[in-house]
Amino acid sequence: MNNTILVTGGAGFIGSAVVRHLLNDHECMVVNIDKLTYAGNQETLEHEATHPRYAFEQLDICDRDSMAAVFTRYQPRAIMHLAAESHVDRSIDGPADFVQTNIVGTYELLEVARQYVRSRISAGDQDAEEKFRFHHVSTDEVFGSLGDDGAFTEESPYQPNSPYSASKASSDHLVRAWNETFGLPVVLSNCSNNYGPYQYPEKLLPVIISKAMAGEPIPVYGTGKNVRDWLYVDDHARALVRILNQGKVGRSYNVGGNEERTNIDVVTTVCDILDRIQPATDGRPYRELIQFVTDRPGHDHRYAIDATRISSELGWQPKESFESGMEKTVKWYLNNQPWINTIMAKNDKSGLRLGTSSPVPSAGGK
Ligand SMILES: NC(=O)c1ccc[n+]([C@@H]2O[C@H](COP(=O)([O-])OP(=O)(O)OC[C@H]3O[C@@H](n4cnc5c(N)ncnc54)[C@H](O)[C@@H]3O)[C@@H](O)[C@H]2O)c1
């Protein structure tokens, strides 16, 4: 096997952070496999595109033959599987793509990886099972919603509530089963809300910033009291590579920032940073633009992650605090308006809020 890592969904938000981290801080070859759906953009990796250890394959993970050909060509030591349909509101409007990519796509990849390991063993590589890893990247949303106390551990029961989280939960179960039944060497991770540069502009942080800059109402679901645990995307990327390289086969790891905030806290934090670094021309605080809109159907009340396992077993800790990460993120979006404009120009900007078909722009969490 080569020191090559396949990253599915590498042209998306978290996948691109993983690609950057692998190229900058590790010695491996990185092959980015991405279908380039509305959420995947090559512009996100324009600085990495010519890196000598980087390759890009525009492919659908559901296409088994093409995926098998990629395994044969690159002989990877691992696959980090991030490709997914990821937006909860879109899963309410149209669950079919979520079932196809998140469940069927993961199944196809598991089968391709299983055949690959078998073929390596048949070819005389007796250690193929010890050397290879299938890392499945999932979400804390599979555990459902918490009350005001407690946190999700790796032993929390699965109780997904949205089509998105149900599709991710299904894929988690498939991955476990391929380990238990076929001995495929897998590791899993379930992570809380990520934020940071290069997030598709329909998600909460970029929406707040672009609405504030345009002087338009900043939409907040319901009463804004839903609680999420916020993690800076580069901290997640480091955690994922740590899990890949040091995680125990068959084990899952929760990843969180230990930074619980209500949605309204997040919005007001961003408004306050903007007031400081780019005040509105009329001098009014950006908070005055906040507008509460009808809640998302089935909106989970609270997620919180107990990240004790990854911290005690693998020595990972987030480096970024909520305050420092938010400041970096706001500055990045302000300084990278051309990236946002390019992405928005390529995709439908009908202005309809997803998940309710009401004419209000989306301010979804993830
Ligand atoms: N964003 C979060 O806060 C968060 C939190 C926990 C877990 N996750 C998980 O992390 C992963 C990445 O999330 P993200 O926010 O970066 O998503 P994203 O929507 O930004 O990126 C997804 C990428 O997958 C690609 N893709 C989609 N369908 C594909 C297919 N059939 N074949 C090949 N490529 C395909 C897209 O083109 C895109 O580049 C997902 O599995 C998601 O469930 C995300």
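Me: What is the mean pLDDT of the protein?

Reply: The mean is 93. Of the residues, 95% reach 70 or more.

Me: Where is the pLDDT below 50, and how should I read such a stretch?

Reply: Where pLDDT is low, the predicted coordinates should not be read in detail. Here that applies to residues 356–365, with pLDDT below 50. In the model this stretch still has 34 contacts beyond near neighbours in sequence.

Me: Now the ligand. How many residues surround the ligand, and which are the closest?

Reply: The ligand is surrounded by 31 residues. Closest are Gly-9, Gly-12, Lys-35, Gly-40 and Ala-84. Two or more shell residues come from each of these elements: helix H1 (13–25), helix H4 (96–122), strand E5 (133–139) and strand E7 (193–195). H1 gives the largest share, three residues.

Me: How many of the shell residues are nonpolar, polar and charged?

Reply: The shell has 13 nonpolar, twelve polar and six charged residues.

Me: How do I describe two packed helices?

Reply: Use the angle between their axes and the distance between the axes. Take helix H9 (residues 263–277) and helix H11 (residues 322–335). Their angle is about 60°, and their axes lie 10 Å apart. H9 and H11 are therefore oblique to each other. Their crossing is right-handed.

Me: Which residues make the contact?

Reply: H9 supplies Thr-269, Val-270, Ile-273, Leu-274 and Ile-277. H11 supplies Met-326, Glu-327, Val-330 and Lys-331. By type, the contact of H9 with H11 has six nonpolar residues, one polar and two charged.

Conventions: Residues are numbered from 1 along each chain as its sequence is written. This is a predicted model: local features need pLDDT of at least 70, side-chain atom pairs count only at pLDDT 80 or more; totals for chains, interfaces and linings use all residues. A residue is near a molecule or strand if its C-beta atom, placed from the backbone, lies within 6 Å of it. Helices (H or I, at least four residues) and strands (E, at least two) are DSSP runs, numbered from the N terminus. Ala, Val, Leu, Ile, Met, Phe, Trp, Tyr, Cys and Pro count as nonpolar, Asp, Glu, Lys and Arg as charged, and the others, Gly among them, as polar. Axes are lines fitted to C-alpha atoms, for helices over the stretch in contact, and angles run from 0 to 180 degrees between N-to-C directions. Angles under 35 degrees count as roughly parallel, over 145 as roughly antiparallel, 65 to 115 as roughly perpendicular and the rest as oblique. A crossing is left-handed if the near helix is turned anticlockwise from the far one by less than a right angle, and right-handed if clockwise. Two residues are in contact if their C-beta atoms, placed from the backbone, lie within 7 Å. pLDDT is the predictor's confidence in each residue, from 0 to 100.
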